Amino acid sequence: MLDHAAYTEATRRSYFHQDPAFQALMRQTLGPAWHAWAAERLESVGALASTRWADLAVVANEQPPRLRTHDRWGDRIDRVEVHPAYEQLAKEAYEAGVVWPRFNPVLDGRQAPWSVVFGLGYLMAQAEQGFFCPVCLTAGTAWLLERFGDDRLKAEYLTRVASPNYDELYEGAMFLTERTGGSDVGAATTEARFENGQWTLWGDKWFASNGGRARAMMVLARPQGAPAGTRGLGLFLVPRERPDGSPNAIRIHRLKDKLGTRSMPSTELSFEGALAYPVGDVAKGFSHMAEMLNLSRIYNAVASVANMRRMINEALAFAGARTAFGARVEDYPMVRAQLIERTVEQEADLRLVFEAIRLLDRVESGEHAPRDPLLTRVLTPMVKYHTAREAVDTASWAAEAFGGIGYIEEWAPPRFLRDAQVLPIWEGTTNILLMDVLRGFAKENTGPALLGELGARLAAELPAGLAPWRTALATQVADLERHLLALANLSEADRTVHIKSWCDRAVRLYQAVLLLESAARDWEAGSGRGALVLGAFMRRHLTPTTWREALGGTLVEAYGAIVEHAPVTPTEAVAQLREALAAMPQ
Ligand SMILES: Cc1cc2nc3c(=O)[nH]c(=O)nc-3n(C[C@H](O)[C@H](O)[C@H](O)COP(=O)(O)OP(=O)(O)OC[C@H]3O[C@@H](n4cnc5c(N)ncnc54)[C@H](O)[C@@H]3O)c2cc1C
């Protein structure tokens, strides 16, 4: 028996209200002024995402985009048409503020921090993952223009790319990948020619998401005579239309027939002498684009935690509404253990992602600690690869949690599973991101910066009841430091093999430190929930055990507190954490 009304009622509750951990995170990350500015918007986007946008997303995915190469007169138009449901969702989401507040003065003459737009984006992406790609591309294009564009590009394009009004908005795009390589961007062959006082581009792009729709595309191309490799690449803005309104010389050959993100077009296209404007120093195109890549990696991580949260919401709603063998599925201890596991993992990932965003905001504000840019540098690739993999695992688990209908397209898990699978691939595969971490170690000495940050944060004042967890964590950080030295002594090839286990541990320790801080805040407010989340997480990840073993004792009784946010005092939490703490290496 599946109680249809109960399932529907549970899934359509605002994504903001279903997620008290995110509400607390927003209060803590934004600070009072920005939180006051964002509060109503978070409420409104959360409610729209779980109802209207979730419905529009279903239609937009069932009716994927179409390529229209010619008009009825036989002239080339190279346009991509999306379903009106996608268009409506795009209009409402952009206007609700998933991009523009970051680029326009909205509060006392200040632009919103990334934490605001990413907070709104996290809620939106729980409704629709495919469209979050154009959101990322549009924000990234605006960011590149803000940082590197000249006054003319800013006046003509940044104002449009960052417009709060959908009818005036120019969506962005980012084209690097060619048939010669996506990871190996330096192999790109698209050429930039400077003739008669203007630049034109010539060549093919093999994966061009939002092609045909984007009106301001950020493209890497090699100026004639420039050296081979990434160093020779320039960054160009290619407008969809020329200044006189005629179409630019861009041919769209095909739409990719994709496993997921089907609502959004990914194209194969050619520039056949397309008018282009250089963005920043044409000799530094790759390093400019690399900054956008880092931003899009954070977008990827936000999409990942959003996908996970939606899958947890769905699985919870299903387990609460489904009866099997005479009992609610949610009441079986095995199911509770799985829901605790997924809730704790998602919460740890969510905190880590918003830590990376907080650091990005601090670095951009100019008021940051010397260590912050190094932390952003090392955390971004780690956060991206870790959360992407977790998203695939969580969506796959959710499909199983639904039983047979979890395999049926009318329900959410199949689409979110298909959408999740792109997250470890685009914006850099895991191997490519790990090599990026190694580059950061070698060039900027980012490893010690990360360990130094963990050490400094562990030294902060804590409620006495949480002190044993700190001791266990400090031991592990010291061990990670020894491993960093051992890594440095390996051959270059061996380092590429061992870097993943170092990064995996570093991710877990950083997450544990964030959970410890959150447990301390909870504790001081009279709640033991944070301590329970921390204890479950550390039992699983800081001792050699599986989730099933970790939750096999008293911890499964923490289901109400961890998953449903039922009140629990620090004293009650300490009692439930006895076994977990005893297992902790001190
Ligand atoms: C749906 C979708 C949309 C996309 N949209 C865009 C877009 O809009 N713009 C854009 O520019 N790109 C886009 N891409 C392309 C995407 O970014 C690339 O596919 C991705 O970066 C991987 O590059 P690749 O396909 O060349 O794979 P490859 O580089 O060929 O990688 C193949 C495998 O080899 C491994 N590998 C490669 N080099 C190394 C190495 N040195 N050491 C160890 N392992 C290695 C990789 O980890 C991977 O597992 C999109 C891709 C998809 C799937």
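Start by selecting strands β8 and β9 (residues 234-239): they run antiparallel and are joined by six bridges. Strands here are DSSP runs (E, at least two residues), helices are H or I runs of at least four residues, and both are numbered from the N terminus. Two strands pair if DSSP finds at least two bridges between them. Before moving on, note that this is a predicted model, where local features need pLDDT of at least 70 and side-chain atom pairs count only at pLDDT 80 or more, while totals for chains, interfaces and linings use all residues. Residues are numbered from 1 along each chain as its sequence is written.

Zoom in on A216, and you will find P239 of β9 opposite.

Now colour β8 (residues 216-223) by burial. Seven of its eight residues are buried, so the strand is largely enclosed by the rest of the structure. Buried means that 20 or more other C-beta atoms, placed from the backbone, lie within 10 Å of the residue's own; exposed means 12 or fewer, and partly exposed is in between.

Look for F175, which stands opposite V219 in β8.

Then select β6 (residues 191-195), another parallel partner of β8, joined to it by two bridges. Here E191 faces R222 of β8.

Move on to the ligand. It is surrounded by 21 residues, the closest being G182, S183, F207, S209 and T429; a residue counts if its C-beta atom, placed from the backbone, lies within 6 Å. Elements giving two or more residues to this shell are β5 (172-175), β7 (198-209) and α11 (430-444). The largest share, three residues, comes from β7.

Finally, zoom out to the protein chain. Its domain assignment, automatic or from a database, gives domain 1 (171-286) and domain 2 (445-582). Their C-alpha centres lie 44 Å apart.
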